[in-house]
Amino acid sequence: MNEESTSSEYTIITPSRNQCVYTSCYCEENVWKLCEYVKDQGTCSLDEVYAVFISNERKMIPIWKQKSSRGDEPVIWDYHVVLLHTNKQGHSFIYDLDTILPFPCSLDVYSKEAFHSEEHLKHAFWRKLRVIPGDTYLKKFASDRSHMKDSDGNWRMQPPAYPCLETSETKMNLDDFICMDARVGYGEVYNLSDFVQHFGVK
């Protein structure tokens, strides 16, 4: 598979993968920067773009086809974040800077290759997805990156070079986005099958 395996009718809304703002293990900020690019460059209407947080109650979610995967084994993340673009023609594409799948990748292919079916997964590994409109994500998300420091205050992974993302209301609300309780936070929470049915090929 390659970067050009997207539909000929689909217009890519971000820079190429190697031109995107990217920091390993800061997927929530990488996606924020993709949303910012779409807004600043006007590559599509911002209401077609969503930040998608993937997690569950136990914060143990398997995702296949990740750069850090070993062979055909999934990576077990506590959470992961991707960009979802659903255009007016009904195409849905996932932008995941940590996958070895195409960038972007059709939701249909991504769901099969990266999510896999939950039919044979233990319930503890079932995925939920919080889908937040891009404009809301840009306005409301904040992170002081404290979750990436150990008990001695040292970085587990080096942070992005740009300043922390914050709002006038808070400097840290990452947990509100990772949380899969639909009664709190922003956006809508789906189980995997409902997410694919709602945003996938009609």
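This is a predicted model: local features need pLDDT of at least 70, side-chain atom pairs count only at pLDDT 80 or more; totals for chains, interfaces and linings use all residues.

Analyst: Starting with the second largest pocket, its lining divides into two nonpolar, three polar and five charged residues.

User: Which residues line the second largest pocket?

Analyst: The lining is made of N56, E57, R58, E118, H123, A124, W126, R127, K128 and N191.

User: And what volume does the second largest pocket have?

Analyst: About 160 Å³. For the largest pocket, the volume is about 320 Å³.

User: What lines the largest pocket?

Analyst: The largest pocket has 18 lining residues, and C25, W77, D78, Y79 and M148 lie nearest its centre. Its lining has eight nonpolar, five polar and five charged residues.

User: Which helix gives the most to that lining?

Analyst: Helix α4, residues 174–178, gives the most, with three residues.

User: Back to N56. Where is N56 placed?

Analyst: N56 sits in the loop between β1 (49–55) and β2 (61–63).

User: Is N56 buried or exposed?

Analyst: N56 is buried, because its relative accessibility is 5% and the cut-off for buried is under 20%.

User: What does the side chain of N56 reach?

Analyst: The side chain of N56 reaches the backbone oxygen of M60 at 2.8 Å. A polar atom of that side chain also lies 3.0 Å from the backbone oxygen of A124.

User: What else does N56 touch, leaving out residues up to four places away in sequence?

Analyst: On that basis N56 touches I61, A124, F125, W126 and M180.

User: Switching to charges. How many salt bridges does the count come to?

Analyst: Ten salt bridges. One of them joins R127 and E118, with N to O at 3.0 Å. R127 and E118 also both line the second largest pocket.

User: Are R127 and E118 buried or exposed?

Analyst: R127 is buried, with a relative accessible area of 1%. E118 also counts as buried, at 16%.

User: What about R183 and D181?

Analyst: Their side chains meet in a salt bridge, 2.9 Å from N to O. R183 is exposed, with a relative accessible area of 76%, whereas D181 is partly exposed at 25%.

User: And where do K33 and E36 lie?

Analyst: K33 and E36 are both in helix α1 (residues 27–41), three residues apart, about one turn of the helix. K33 forms a salt bridge with E36, and the closest N and O atoms are 3.2 Å apart. K33 is buried at 18% relative accessible area, while E36 is partly exposed at 24%. The two get separate labels because the cut-off for buried is under 20%.

How values were computed
Residues are numbered from 1 along each chain as its sequence is written. Side-chain values use heavy atoms; hydrogens and water are left out. Helices (H or I, at least four residues) and strands (E, at least two) are DSSP runs, numbered from the N terminus. Buried means under 20% relative accessible area, exposed over 50%, partly exposed in between (1.4 Å probe, protein chains only). A polar contact is a pair of N or O atoms within 3.5 Å; within protein, one must be able to donate a hydrogen and the other to accept it, and residues adjacent in sequence count only if both atoms are side-chain atoms. Contact means heavy atoms within 4.5 Å. On a 1 Å grid over the protein atoms alone, a cavity is a set of points where a 1.4 Å probe fits but cannot get out, and a pocket is an open set with protein on both sides within 12 Å along at least five of seven lines; lining residues have an atom within 4 Å of a point. Grid points are joined across faces, edges and corners, and a volume is the space filled by probe spheres set on the points. Ala, Val, Leu, Ile, Met, Phe, Trp, Tyr, Cys and Pro count as nonpolar, Asp, Glu, Lys and Arg as charged, and the others, Gly among them, as polar. A salt bridge is a side-chain nitrogen of Lys or Arg within 4 Å of a carboxyl oxygen of Asp or Glu.
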